[in-house]
Amino acid sequence: MELKTLLQQTLTMGGSDMFIIPGSRVIVKVNGRFEPITDNILSPVHTQSLISETYQMAGNRDEKELLQKGDDDFSFTLEKLCRFRCNAYRQRGTLAATYRVVAFGLPDEKALNIPDMVIQQADFLSGLILVAGAAGNGKSTTLACMIKHINHTRSGHIITIEDPIEYLHPHGKSLVSQREVPNDAPTFSCALRAALRQAPDVIMLGEMRDYDTMQTAITAAETGHLIMSSLHTIGAAKTIDRIIDAFPPSQQTQIRIQLSMVLKAVISQRLVPTLDGEMLPVFEVMTVNSAIQNMIREGKTHQIDNVIYNGSAEKTMLSMDLQLLSLYKQSRIDKETALLYAINPEALKKRLVM
């Protein structure tokens with residue numbers, strides 16, 4: 001079966017991801033369930049052929065990156081249908097790939113059940129905003145919605161640095177420059193340093209992967225730019241700890257002070273399976289106030305969850321665990337799911353039995 005046919009079938013099924021791995025049938029992920037779409041088991045030769053087709057569809061992409069490094073991340077378009085993000089990689093001496101569906105056009109935050117409070121965090125003119133969550137839980141989509149909001153509401157220069165570019169942003173009230181790593185810049189940190197010389201108002205980093213990028217991002221936020229990025233963490237407290245732990249011990253006190261001053265908000269998100277078979281996003285929004293600033297400076301991030309819970313009651317923040325509790329009370333999810341996806345399962349367990 002040709003790659004194009006497989007991708008079209010993935011779209012017809014409403015799949016979010018397609019997997020081609022030797023020794024398995026072609027698998028599509030639909031609302032969290034894994035469903036085969038071929039009868040035949042893929043051989044290494046067949047998988048390699050499909051991946052070669054992928055590179056041909058990507059145009060100027062060279063397979064050399066995959067063969068030299070063992071993995072490659074890039075995007076391509078299925079004409080007039082959809083865009084895909086592909087991660088091709090070596091496993092057990094053979095080639096495999098995962099394809100993520102990225103629809104044409106920009107995502108609709110209302111249709112995706114993204115709360116207004118999340119989008120409103122993009123109204124800051126400077127500082128650092130982080131979107132946290134596990135891979136495949138929609139961080140890139142949330143960032144794209146926030147960039148769209150900025151582009152529609154104020155003028156400026158937006159620079160996105162991504163690996164790969166997923167959503168294509170047209171110029172709106174703002175000018176939008178989109179740079180792809182490694183095609184347009186060798187690394188995130190190099191692209192970020194260069195961006196500071198390109199008169200940006202907003203810089204969106206697809207991901208903060210290393211110490212060097214984190215350090216540059218914090219410095220850029222200090223100089224009056226709005227920096228938006230993502231991290232593979234769950235919960236505001238763990239996100240803050242993840243950044244601080246990336247620095248040498250001798251620098252961590254200074255980084256706590258800097259971070260407490262530039263951090264504006266941490267948005268955490270997860271996709272939760274509902275009882276009717278859908279995947280529903282739940283969010284935590286921590287907005288930085290004076291209490292949280294002190295906790296960051298003093299290394300008391302373990303107290304942040306309580307502040308978020310109280311802030312959620314006052315509608316100044318959003319608690320993921322309270323959202324899970326609400327979904328349980330509405331019979332949208334069961335008790336086991338609520339506890340599995342909770343940031344603080346023990347505390348939520350007590351509320352579930354009340």
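**View 1. Cysteine 86 sits apart from its closest cysteine partner.** The sulfur of cysteine 86 lies 13 Å from the closest cysteine sulfur, that of cysteine 82, which is too far for a bond. A disulfide here means a pair of cysteine sulfur atoms within 2.5 Å. Cysteine 86 is also buried, at a relative accessible area of 1% (buried is under 20% relative accessible area, exposed over 50%, and partly exposed in between, with a 1.4 Å probe and protein chains only). A word on what you are looking at: this is a predicted model, where local features need pLDDT of at least 70 and side-chain atom pairs count only at pLDDT 80 or more, while totals for chains, interfaces and linings use all residues. Residues are numbered from 1 along each chain as its sequence is written, and side-chain values use heavy atoms, leaving out hydrogens and water.

View 2. The structure as a whole holds zero disulfides.

View 3. Six strands line up in the order 3-2-1-6-5-4, with antiparallel pairing. Strands are DSSP runs (E, at least two residues), numbered from the N terminus, and two of them pair if DSSP finds at least two bridges between them. At the edges you will find strand 3 (33–36) and strand 4 (71–78), each pairing on one side only.

**View 4. Strand 2 meets strand 3.** Strand 2 (residues 27–30) pairs with strand 3 in the antiparallel sense over four bridges. Look for lysine 29, whose bridge partner in strand 3 is phenylalanine 34.
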